[in-house]
Amino acid sequence: MSTQSDTVVRKGLSPRKRAQRSRLIQYAVLVAVALFALFSADWGQIGSVFFKPEFIKSTFQDGVLQALVKTLEYTAGAFVIGLAGGTVLALMRLSSVGPYRWLATAYIEFFRGLPAIVVFIAFSLLPLAFEGMTIPWDPYGVVWLALGIVAAAYMAEVIRAGIQAVPKGQIEAARSLGMPPGLALRKIVLPQAFRIVLPPLTNDLILLVKDSSLVFMIGVAADGYELTGFGRDLANTYSNLTPIVVCGFCYLIITLPLGILVRRLEARAEKSR
Amino acid sequence: MALVEIKNLHKSFGSNHVLRGIDFTVEQGEVVCVIGPSGSGKSTLLRCVNLLEVPQQGEVIVRGEEITDPDCHLDAARAGIGMVFQQFNLFPHLSVLANCTVAQTTVLRRKASEAEQVARANLDRVGLNDKVHAFPAQLSGGQQQRVAIARALSMDPALMLFDEPTSALDPELVGDVLTVMRKLALEGMTMLVVTHEMAFAREVADRVVFMDGGVIVEQGPPAEVIGNPQEERTQLFLRRVLDPTHVQDL
C-alpha cells in the first residue's frame, strides 16, 4: 500500500506511468485479436453466407418491405391494446376496491412472469382447443391480442408508477375546484402521468417491436409474415443467412431511432426537474 | 347566519390529536387570519373547511349546508369555496388561461367563451393579463400564486381559503401576493387566511384567531390579539415572531 512514510524510497513506476503502460497493453491485445480474426477467418465464406449481394437483392424483391410494414402494424395495434389495457390495470391496482386490486395484481404478475412465447403457443392452439373459434380481423386480431395482453401487464406497472408520481397537491387542487374524482383523474392526473412515463413507455414499445417476432409461432399465412417469419422462411429456401441479416437491419432501423428518442425524452425530463 | 360555522371539530392523524374541539364562525364579508406556531393545527382546520381533511368528529357548515354530512353534494359545495395552497399547485400541463377555465367548463358547465372571459377578468384582477398564454413553469413563484388566486376566483366562490399563501415565496415576491389579497379583502371577499405575515394580519384582518395545541387560545380584533394579547401562550408566540432577536431566547 502507499501508506509508507516519505523516508522509504519509492520503487517502480509512478501511478501515471503505470496507467499509461496498462492502456498500451490493452491496445496491443486488441490489435492482436483483430489481426488474428483478419487472417484466420474465411472472409469469402462469411461474405457469401451473411451478405450475398444477389440474395440481398432477392430478399427485397420477395417483399422484405411488406414484412417490415407487417411488423409495424402488429406492433402498433398491440401497443394500443397494451396502452388501453395497461391504463385500466394501473387504475385497478390503485383502486380502493380490494378485489380490483387483487385481480389486477394477479394478471400483472401472471403475464410478467410468463415467457411471452408460452402465451403465443397457447394462442396458436386456441383454434384446435375450441373448435370453430375465430378471432376477428385474421391475422391481426389474434396477433394484436396475444402481443397486447402481455404488453398490458408490463405497461400497467409503468403507468401505475407514473400516476403515483403526480404530486398529491394536484389532486387536492382539482378536488377543491369541485372536480369529481373521475374528472380530476382524466383532466389533471392522467395527462401528467403520461408525460412522466413517456420515456419508459417508449422503451416498452421497443420491446414490443422485438416481441412481434414471436408472431411466427402462431402460424399465420405467408402473406401475414412479419420480418422474422419472412426472413426465416427465405433463409430456409436459400439455405443462406443473408435474408435474416437483412431483416435484422430492418429491426435496427426501427429500434435504434426509438432508442435515441428515449434518451432525448429522458434528458428533457431530467432538465425540467 | 354565519357563512362558515364550525362546531366541536376533532381531527387526529393516527395517535396525533391535531384538532381538539374547535368552535368558530366566519361571517359574510369577514377577513379572518389564523395564526399560531407550526403544528398548532391551523392548516388542518383550514383544510377541514372544504373537507380536504375529513374530521373524526364535529360539524362544518358552509352557507347553511353541512358539508360533513355524508349526503352532502361535496363537489358542488367545494366549487363555491376557493382554495389557495402554500405550494400553488397550478396544473403544469395547462396554460395559465386553461388553469383558470378547466374547472369552469367542466364543473360549472360554462361555455368556453364565457369561461375565458371570466378567467381573463380575474387574471386582470391579479395583474397578470399579459401571462394568459404562459405555462406555470415560466412564471415566478409570486406570479404562480397570483394565477392560483385567479383560478380560485374564476369559480365565483363565496369564500376564499388561503393556506400559508406566501410561505413558499422568496421574500421579494411576497408583497405582490399580499397586495392582491388586500385588494380582495377591500372588495368585500370573505377570507379565511392561515398566515405568518403578522403585518398583513394586523392591517387587513377583521379578526385574528390564535391557535396552539389544537385549540383556539384567543381571538378578537387584531389590535387586541396581536397588539395586546391576554393569554400567555399568545404573548410568547408573538414575542418570538415579532422580535428579531428571539433566537437568543432559545
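This briefing looks at how chain A and chain B meet in this structure, and at a cavity found there. The model is predicted, so local features need pLDDT of at least 70 and side-chain atom pairs count only at pLDDT 80 or more, while totals for chains, interfaces and linings use all residues. Residues are numbered from 1 along each chain as its sequence is written, chains are lettered from A and ligands numbered from 1 in the order in which they are written, and side-chain values use heavy atoms, with hydrogens and water left out.

**The interface**

- Chain A brings 17 residues to the contact and chain B brings 21 residues, where contact means heavy atoms within 4.5 Å.
- Between them, the two chains bury about 1,600 Å², with 63% of it on carbon and sulfur atoms; buried area is the accessible area (1.4 Å probe) that two parts lose on being put together, summed over both.
- E172(A), S176(A) and L177(A) supply 35% of the area that chain A buries against chain B, more than any other three residues.

**Pairs across the interface**

- Two salt bridges cross from chain A to chain B, each being a side-chain nitrogen of Lys or Arg within 4 Å of a carboxyl oxygen of Asp or Glu.
- D75(B) and R175(A) form a salt bridge through their side chains, at 3.3 Å from N to O.
- On the side of chain A that touches chain B, the elements giving two or more residues are α8 (168-176) and α9 (181-196); helices are DSSP runs (H or I, at least four residues), strands are runs of E (at least two), and both are numbered from the N terminus.
- Helix α8(A) gives the largest share of that side, seven residues.

**Within helix α8 of chain A**

- K168(A) and E172(A) lie four residues apart in this helix, about one turn, and their side chains meet in a salt bridge of 3.7 Å, N to O.
- Over all chains, the salt bridge count comes to 18.

**The cavity**

- One cavity of 30 Å³ or more turns up in a search of the whole structure; a cavity is a set of points on a 1 Å grid over the protein atoms alone where a 1.4 Å probe fits but cannot get out.
- The largest cavity holds about 40 Å³ of space, a volume being the space filled by probe spheres set on the points, which are joined across faces, edges and corners.
- Its lining residues, which have an atom within 4 Å of a point, include S176(A) and L177(A) from chain A, and M83(B), F85(B) and R151(B) from chain B.
- Helix α8 of chain A, together with β6 (81-84) and α5 (141-153) of chain B, each supply at least two residues of this lining.

Notes:
1 Å grid on protein atoms, 1.4 Å probe; cavity = no way out; pocket = protein on both sides within 12 Å on 5 of 7 lines; lining within 4 Å.
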